[in-house]
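Thanks for coming, everyone. Please have a look at the model on the screen, and then we'll walk through a few parts of it.

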Amino acid sequence: MTDPIRIFANRAALGASKSTKPRGTVILWLTGWSMPETVFAELQSHLPEFVHVPVQFTCAETPEQMMALAEAASVAWFTGTDGTLLSLASSRRSGKVLIAGWSLGGLLALRLAAWGFADGLVLFGATARFVRSREQSDRGWPDAVLQHMAAAIAKDRLAVETQFRERLLSDGEKKAGLFPQLPRTGSWTTVALLAGIQLLRKANHVPDLTEIACPALLVHGKEDKVCPYGAAEELYERLPQAEILPVEGGGHIPFLGREAHIADAIRRWWHGAQAAFDSPTI
């Protein structure tokens, strides 16, 4: 079996070697189910003062490999423009590390934060637990829906991805013409799609929320049909240092078509969080 940590380390080296040496804050980007890490590219372009390190889940074989890929980010080495070997772990000594997670990536981000690997969290359309009972339908989906998706993938994976993408946008976003901006289907292997579904079915970080001490910014569409807005309210209520940014008319990709606005919100939030870090205690 392929070593997932080695996969991540190699990819981090390829991607980060083109960037500059960390100038304070690194953002680790964890994408959602079936989506390439390039879904964040436009948003990243509006945050040039940060160093961006994306994680690829496209070829993961198991939920455990997905978790290992994310966890390996804290020890991944890459080459700076001056030839010096750098790591996210070492960057925490001279700066800060944010973890930005969207949907499935949000579950992984919460896992890392619970282990103390994050100085801050930015969560897009996230939930602490995706599988929910009928009584908590305002926070996620019933397990039966995910089981059906997994079975259907074996028959026609592209149809499943296409149907899923139909759910990502609100009606207003579709009318505004955002649908063509969605990443195309087919970037993940079939095995990776199934692994992602298993991760969505298993992950439960609700018990961890009160122990996550780092500041968190919750960016969530008010018309999210995948992770309903109630999931963001639960995170806001239970995370000790959470701020919530409701996106009116937004679906499950709250930054899509709003990248400049969301980037400004992230920047203001993070500057405020850093000011709190630097304030002397009384």
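The crossing of α6 and α8 is right-handed, meaning that the near helix is turned clockwise from the far one by less than a right angle. This is a predicted model: local features need pLDDT of at least 70, side-chain atom pairs count only at pLDDT 80 or more, and totals for chains, interfaces and linings use all residues. Residues are numbered from 1 along each chain as its sequence is written, and side-chain values use heavy atoms, with hydrogens and water left out.

Back to the pair. Helix α6 covers residues 143–168 and helix α8 covers 190–202. They pack at about 165 degrees, axes 10 Å apart. That makes α6 roughly antiparallel to α8, a label for angles over 145 degrees. Contact means heavy atoms within 4.5 Å. From α6, the contact includes Leu146, Met149 and Ile153. From α8, Leu193, Leu194 and Ile197 are among the residues taking part.

Next, the loop between α7 (171–175) and α8. Pro183 lies there. Pro183 is buried, at 15% relative accessible area; the cut-off for buried is under 20%, with a 1.4 Å probe and protein chains only. Pro183 touches Met35, Pro36, Val39 and Arg165, leaving aside residues up to four places away in sequence. Pro36 is 147 residues from Pro183 along the chain, yet their C-alpha atoms are separated by 7.3 Å.

Last, helix α9, residues 229–238. Its buried residues include Tyr229, Glu234 and Leu235. Among the elements covering the buried residues of α9 are α5 (104–114) and β6 (120–124). Leu235 touches Leu110, Leu123 and Leu209, among others.

Terms used:
Axes are lines fitted to C-alpha atoms, for helices over the stretch in contact, and angles run from 0 to 180 degrees between N-to-C directions. Helices (H or I, at least four residues) and strands (E, at least two) are DSSP runs, numbered from the N terminus. Angles under 35 degrees count as roughly parallel, over 145 as roughly antiparallel, 65 to 115 as roughly perpendicular and the rest as oblique. Buried means under 20% relative accessible area, exposed over 50%, partly exposed in between (1.4 Å probe, protein chains only).
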